[in-house]
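Please open the model in the viewer and keep the selection panel at hand.

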Amino acid sequence: MAEKSTLSDSKSPPFVIKTVEMHTGGEPLRIITEGYPKIQGKTILEKRAYVRDHLDVFRKRLMWEPRGHYDMYGALLVEPDDETADIGVLFMHNEGYSTMCGHACIGLGRYAVDKGLVPTKSPETELIIQCPTGPVKVWVDYQGGKSGRVRFHSVPAFVFALDQEVDVPDYGRVKVDIAYGGAFYAFLPDSSLGLDLRTAPVQAVRTAATAVTEAVKKAVPLRHPEHPDLAFFYGTIITDGRDEYDPTPTVQTSVFGDASVDRSPCGSGTTARVAVLHRRGQIEPSKARQFASGPTGSVMTGRPVRETKWGEFDAVIVEVAGNAYYTGTAESTVEPDDPLKNGFLVK
Ligand SMILES: O=C(O)[C@H]1NCC[C@@H]1O
């Protein structure tokens with residue numbers, strides 16, 4: 001639906017937002033580089049709350065149609081408050097503002113190197129991106145003046161629940177694993193929803209995963225070791241159930257936010273899934289596993305690096321790696337008399 005502007009059109013300055021467009025494994029990344037109003041707040045979580053409460057019309061204009069689309073994804077660079085961080089970022093999608101995004105960290109790693117936001121070093125340039133979930137360490141291949149593949153270590157990943165039973169309307173009682181990889185996800189195999197990821201239409205996967213998400217949200221109260229703003233359920237990842245180690249990729253489709261389908265294997269979801277596989281003894285640090293996206297077949301690798309603790313939770317640092325590519329730049333504008341200027345979604 002189209003929404004009324006919360007900005008006064010006669011008084012507000014013209015809307016001109018510049019962006020750099022990338023994709024990681026097919027998942028769009030719209031990096032906002034110029035034109036956002038000043039963001040208030042000292043901590044990154046305060047900044048996230050500020051854009052959500054005061055500037056949400058900007059997200060809708062940039063993520064929703066006609067400038068974006070139902071499954072668009074964006075990143076807004078902000079001043080970090082963590083002294084160790086090189087850049088800070090807020091993430092946005094069709095419904096709101098997520099707390100961690102692996103595909104975006106992969107794209108932003110390249111972007112930071114290519115824009116000279118960090119001093120470069122070969123063969124790898126290291127940087128820290130402050131995300132709402134916490135600091136994410138990123139290494140960007142950098143050789144012959146060219147940025148390439150990116151790997152990252154997110155905040156500690158932990159299993160919240162294994163084999164949690166939930167009743168999913170239209171699908172029955174299923175068991176899910178719930179884990180945190182910078183955001184909370186539920187995992188279950190396609191077979192328990194009567195689907196086959198290799199052949200199911202993406203809409204069927206979207207519908208089933210969304211039903212699981214709604215059921216888990218109702219049934220499972222979440223806890224985060226540090227901050228209540230981070231204790232929300234972000235999405236469901238349906239897998240092909242091939243959890244035991246195998247050199248060929250295991251397929252997974254992540255459905256997050258308001259039923260948005262990730263075109264990539266989902267970096268934060270992969271982080272969380274590695275935590276589950278690690279807990280079940282199905283993955284080793286020395287053998288990275290390949291995780292392929294259901295919608296596009298694009299691949300990220302993931303492996304546990306070392307065990308740690310986060311508050312009450314046994315946790316693990318996970319390394320995820322992937323590739324991002326530039327697709328262009330854009331300058332988005334708004335005409336005051338456009339009745340659809342604030343965006344709309346077609347499901
Ligand atoms: O790669 C990721 O972590 C993300 N991709 C879109 C949804 C998740 O935030």
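Between domain 1 and domain 2, about 2,300 Å² of area is buried, and carbon and sulfur atoms give 52% of it. Buried area here is the accessible area (1.4 Å probe) that two parts lose on being put together, summed over both. This is a predicted model, in which local features need pLDDT of at least 70 and side-chain atom pairs count only at pLDDT 80 or more, while totals for chains, interfaces and linings use all residues. Residues are numbered from 1 along each chain as its sequence is written, and side-chain values use heavy atoms, with hydrogens and water left out.

**The two domains**

Select residues 2–153 together with 326–346 for domain 1, then 157–321 for domain 2; these bounds come from an automatic or database domain assignment. The C-alpha centres of the two domains lie 24 Å apart. To their contact (heavy atoms within 4.5 Å), domain 1 contributes 26 residues and domain 2 contributes 33 residues.

**Across the interface**

Next, select R151 and E319. They form a salt bridge, with the closest N and O atoms 2.8 Å apart. The rule (a side-chain nitrogen of Lys or Arg within 4 Å of a carboxyl oxygen of Asp or Glu) finds three salt bridges across the interface of domain 1 and domain 2. Across this interface there are also 17 residue pairs in polar contact, both residues at pLDDT 80 or more. A polar contact is a pair of N or O atoms within 3.5 Å; within protein, one must be able to donate a hydrogen and the other to accept it, and residues adjacent in sequence count only if both atoms are side-chain atoms.

On the side of domain 1 that touches domain 2, the elements giving two or more residues are α1 (44–54), α3 and β7 (146–153). Helices (H or I, at least four residues) and strands (E, at least two) are DSSP runs, numbered from the N terminus. With five residues, β7 gives the most to this side.

**Helix α1**

Select α1 and show its side chains. I44, L45, K47, R48, A49, Y50 and V51 are buried; buried means under 20% relative accessible area, exposed over 50%, and partly exposed in between (1.4 Å probe, protein chains only). These buried residues of α1 pack against α2 (56–63), β3 (74–78), β4 and β5 (124–131).

Move to N94, in the loop between β4 (87–92) and α3 (102–114). Its relative accessible area is 2%, so N94 is buried. Y70 is 24 residues away in sequence, yet the C-alpha atoms of N94 and Y70 are 6.2 Å apart. Not counting residues up to four places away in sequence, N94 touches R59, W64, Y70, M72, G257, D258, S260 and L345.

Select H103 in helix α3. H103 counts as buried because its relative accessibility is 2%. Beyond four places in sequence, its contacts include T24, E27, Y73, S264 and M300.

Where does T270 lie? T270 is in helix α5 (residues 267–279), and it counts as buried, at 0% relative accessibility. Display Q252 as well: the side chains of T270 and Q252 make a polar contact (3.0 Å).

Finally, select G328 in strand β17 (residues 324–333). Is G328 buried or partly exposed? At 29% relative accessibility, G328 counts as partly exposed. T19 is 309 residues away along the chain, and the C-alpha atoms of G328 and T19 are separated by 8.7 Å. Leaving aside neighbours within four places in sequence, G328 is in contact with V20 and E21.
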